[in-house]
Amino acid sequence: METEKRLPNYRPTVLLLKAPREENDPYLQILQTEGYTGHCLPVLHFEFVNLGSLFNALTHPEDHCGLVFTSQRAVEAVQHALRDFGNNSGSPTKWMMESNSGLQWQQLPIFVVGKATENAGKILDWIK
């Protein structure tokens, strides 16, 4: 680029169409290491739906043979459902340890897909 030749401190800018992570976004770090300036622009809006249905399913573990968390958002959805509909149990962990349904879920297999989902799931203390 002609601009790069004229300005010695010029750093090309890359626009990332994603929400930035709270700290140390790996994409921004790589771009900076390679001599670029990165900027994140969130382009999606996310909203949880069917939390009542999710809570209803969680209160009937006898109808299921296991649980699979496929994303960090799935973990967040369970947290929100238990917080919003869990009769003020305080926390998803408390619900899991003290409610009849939570105790039944402890007897069933719970899986996660991916390392990030596993890390998010550990927040629930359900995934060891």
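**Helix packing and salt bridges in a predicted model**

In this predicted model, L51, G52, L54, F55 and L58 of α3 meet A77, V78, H80, A81, L82, D84 and F85 of α4, where a contact means heavy atoms within 4.5 Å. The chain has 7 helices and 4 strands, taken as DSSP runs (H or I of at least four residues for helices, E of at least two for strands) and numbered from the N terminus. Local features need pLDDT of at least 70 and side-chain atom pairs count only at pLDDT 80 or more, while totals for chains, interfaces and linings use all residues. Residues are numbered from 1 along each chain as its sequence is written, and side-chain values use heavy atoms, with hydrogens and water left out.

**The chain overall**

- Reading from the N terminus, the elements go α-β-α-β-α-β-α-α-α-β-α.
- Of the 128 residues, 24% count as buried; buried is under 20% relative accessible area, exposed is over 50%, and partly exposed sits in between (1.4 Å probe, protein chains only).
- Take the contacts with a separation of 6 or more: 65% of them come from residues 24 or more positions apart.

**α3 against α4**

- The two helices α3 and α4 pack at an angle of about 85 degrees, and their axes are 9 Å apart. That makes α3 roughly perpendicular to α4, a label for angles of 65 to 115 degrees (under 35 is roughly parallel, over 145 roughly antiparallel, the rest oblique).
- For the geometry, axes are lines fitted to C-alpha atoms, for helices over the stretch in contact, and angles run from 0 to 180 degrees between N-to-C directions.
- E47 sits in the loop between β2 (37–40) and α3 (51–58), and is exposed at 56% relative accessible area.
- E47 and A77 are 30 residues apart in sequence, with their C-alpha atoms 9.8 Å apart in space.

**Salt bridges**

- There are 4 salt bridges in the structure, each being a side-chain nitrogen of Lys or Arg within 4 Å of a carboxyl oxygen of Asp or Glu.
- As background, side chains of opposite charge can pair when their charged atoms come close.
- One of them joins K18 and D25 at 2.7 Å, N to O; K18 is partly exposed at 22% relative accessible area, but D25 is buried at 4%.
- Another links R83 and D84 at 2.9 Å, N to O, with D84 partly exposed at 42%.
- K115 also pairs with E118, their closest N and O atoms being 3.4 Å apart. Both lie in helix α7 (residues 115–122), 3 residues apart, or about one turn of the helix, and K115 counts as exposed at 55%.

**What surrounds D25**

- D25 is in the loop between β1 (13–16) and α2 (26–33).
- Its side chain reaches the backbone nitrogen of Y27 at 2.9 Å.
- Leaving out residues up to four places away in sequence, D25 touches K18, A19, P20 and C40.

**The buried side of α7**

- T117, A120 and G121 are the buried residues named in α7. They cover an arc of only 100 degrees around the axis, so they sit on the same side of α7; the arc is that of the directions from the helix axis to the C-beta atoms.
- In general, an α-helix has 3.6 residues a turn, so residues three or four places apart point the same way.
- The cover over the buried residues of α7 includes β3 (67–69), α4 (72–85) and β4 (110–112).

Note on methods
Polar contact = N/O pair within 3.5 Å; in protein donor to acceptor, adjacent residues only side chain to side chain.
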